[in-house]
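Visitor: I would like to learn how to read pockets and charged pairs in a model. Please take them one at a time.

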Amino acid sequence: MKGLLKVLLGLVLLIVLGIGLLLLLVNPNDFKPELQALARDQGQVELALKGDIGWSLFPSVALSLPALDVTALDGKPLASLQKAEIGVRLLPLLSGRLQMSGVILDGLTLDWTAPADDAKTEPQPDAAESTRGSGAAGALLFDIGYIQISNAQIRYTDPAQGRRVEVRNLNLSADDLVSGEDFPLTLGFELALFEEAQAVPQLLAKTQLQTRLQLDLAARRFSAKALELQLNLAGAIFSKPLDLTLNADIEADQGTDSVEIKGLELALANFLLQAGIKVVGVSEQPLVTGTLQVPGFDMKQLLAALGQPELVTQDETVLRTVGLEAALVGPAGVIGLDSLKLTLDQTTFSGSLSYVLQNGAQRIKLAGDAIDVDRYLPPASDAPEATADASAAAIGERYSREPLLPIEILQGLNIDADLALASLKVSGLAIEQLKLLLTADTGLINVKQVSGQLYQGSFTHSAIIDARRTPVQLDIKKKITDIQLGAMLLDMAEIDRFSGRFSMRGGYQAQGNSVY
């Protein structure tokens, strides 16, 4: 045993002596020409180092880079760096543990332009294949004293799309980064999106983020606790700057393919979204569960904060209380809202909504109590309206050729709707027990039922619109029973000259998509 110990001590001594001789005899700056030639030959770039490279090998592999510039062979600047320092302890690295004193990047600048031609990219491995067999055994553990990135500037230009993305003044700070343990992280930057050659960005987002991050590479679990995100949004798409804040706790488990967001609060002006969301099967068929709540807010006040035009309504008091409550439900591959309660001023809707991720199919079931639509319409204008005859005369035709139905939109619909209202007032008409049943599937729209009670009578209509065919085919059926004409005309046009009951039954077929 003593002999083996002596051998091991001798080997360690030899390694230490070898490292010492390497540090004394080898100067990394002697390899600058080789590094520059390698960058030119293999990377097709020019590398300019503006100082000496500092380094050490024991007890840590430490490297200090001077200011450097990277340019294309034609002289176009690609990247630059003011300073970089990194230190990795050698012995822990040999045992599969990344232990670093720290990492510093200062003044990093990147300028990347997408290639103009449609260069073929190498096929990427399937996500499921890339994670298969990558369990805890191959995970690299890390222990890093600190990471500091300061004053980084990144620009990406896509000439084909006429867009430019800039990340400005990026600063990141993290301390005591250890595998499987929480560590504090702060991040700040400005994100600017430009269209074409515009000098003013379409979007400018000043971002500040802080959280306690955990990276457990062995267990493939990640979390961000007490996450606080603050955004100041400006740019051409906003008439004035807008502040947005987000708070949440986020946990992701790659092993169970799940993500959970707890205590989510998204605040924008007077709008607040509160939620708790869990997603299982993220990479395949996601199953989403949780809750959503939007406390009542003033819609007109929100639009004003967003810099949108004022909504002028006949009743100034409408749109002052808008709210939402719902439970997020499955099944897998479907985003559903159940136990839905939607508040619009004095009107309450309840029911459910769902959206199928694979084919975009929508299922809507809502029932409301009472609503007066006239209150939400813009005030009547004193200006005379142009008549259809005048419009037709302007183009030298008696009837318009303008399409009546949006064919492309109808062909893309996949909807199953069941809507009901206990009471509806519109254009002065009072309708009770209004019901709408409708299905739409890739251009075949079946309005199964439009029914209600109207002035002591009732109506029941149905229609089939087949937008799959050219020209469009329409089949309409109407049935009206015992409506009191006098009361209806009095409400609609303040005409008190008629009395009696009105009933009718009819069926109509038509084709085409314009009057002419």
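Visitor: Which strand gives the most to the lining of the second largest pocket?

Guide: Rolling a probe the size of a water molecule over the atoms shows where empty space is left. In this predicted model, S13 contributes the most to the lining of the second largest pocket, with four residues. Strands S13 (221-234), S14 (242-253) and S15 (258-268) each supply at least two lining residues. The volume of this pocket is about 180 Å³.

Visitor: How many residues of each class are in the lining of the second largest pocket?

Guide: Five are charged, three polar and three nonpolar. The lining residues include Arg221, Lys225, Glu251, Asp253 and Glu260, as well as Phe222 and Val259.

Visitor: How should I read salt bridges, and how many does the count come to?

Guide: Side chains of opposite charge can pair when their charged atoms come close. Here the count comes to 14 salt bridges. One of them joins Glu166 and Arg155, with the closest N and O atoms 3.4 Å apart. Glu166 lies in strand S10 (residues 163-178) and Arg155 in strand S9 (residues 141-158), so the pair ties together parts that are 11 residues apart in sequence.

Visitor: Is Glu166 buried or exposed?

Guide: Glu166 counts as buried because its relative accessibility is 9%, under the 20% cut-off. Arg155, at 36%, counts as partly exposed.

Visitor: What are the values for the salt bridge of Lys477 and Asp475?

Guide: Their side chains meet at 3.5 Å, N to O. Lys477 is partly exposed at 45% relative accessible area, and Asp475 is partly exposed at 26%. Elsewhere, salt bridges with shared partners join Arg155, Arg164, Glu166 and Arg168 into one network.

How values were computed:
Residues numbered from 1 in each chain as written. Predicted model: local features only at pLDDT ≥ 70, side-chain atom pairs only at ≥ 80, totals over all residues. Heavy atoms only, no water. 1 Å grid on protein atoms, 1.4 Å probe; cavity = no way out; pocket = protein on both sides within 12 Å on 5 of 7 lines; lining within 4 Å. Points joined across faces, edges and corners; volume = space filled by probe spheres on them. Nonpolar A, V, L, I, M, F, W, Y, C, P; charged D, E, K, R; others polar. Salt bridge = Lys/Arg side-chain N within 4 Å of Asp/Glu carboxyl O. Buried < 20%, exposed > 50% of the residue type's maximum accessible area, 1.4 Å probe, protein only.
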